[in-house]
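Work through the exercises below with the sequence and the model in view. Each task is followed by a solution in steps.

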Amino acid sequence: IEHSYSVPLLGKIAQNGDSGTPFVVSHPDSPQADIYRLLAKSVVEEVAKIKEAKAQGGGRPVVKYDSGKHVLEIFDPKFVVSSISEEKEE
């Protein structure tokens, strides 16, 4: 996500979460609700970017660690498989 947010953790926000009513629904005009809406908008934009990149054959690489081989494997649809291994001294 391109932006960073300071997410308020107020008692009334926790109470709304416990009751099942979203804070932004019960307090739509509050400054805290504005922050949550901006954060949600940023998440939606990032997901859209990832989906678009995948649709065009790209996307983010998949990174997996093989603990048996002690190898970090990087799978990128645009490139060949890469691996990074930890050489052990004997």
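Accessible areas here come from the Shrake-Rupley method with a 1.4 Å probe, and for residues only the protein chains shown count as cover. This is a predicted model, where local features need pLDDT of at least 70, side-chain atom pairs count only at pLDDT 80 or more, and totals for chains, interfaces and linings use all residues. Residues are numbered from 1 along each chain as its sequence is written.

**Exercise 1.** State the accessible surface of the protein chain and the share of carbon and sulfur atoms.

Solution. The surface comes to about 7200 Å². Carbon and sulfur atoms hold 56% of that surface.

**Exercise 2.** Describe how strands β1 and β2 pair.

Solution. Two strands pair if DSSP finds at least two bridges between them. Strand β1 covers residues 62-66 and β2 covers residues 71-75; five bridges join them in the antiparallel sense. Val63 has Ile74 of β2 as its bridge partner. Four residues lie between the strands of this hairpin, where His70 takes a positive phi near 55 degrees.

How values were computed
Side-chain values use heavy atoms; hydrogens and water are left out. Helices (H or I, at least four residues) and strands (E, at least two) are DSSP runs, numbered from the N terminus.
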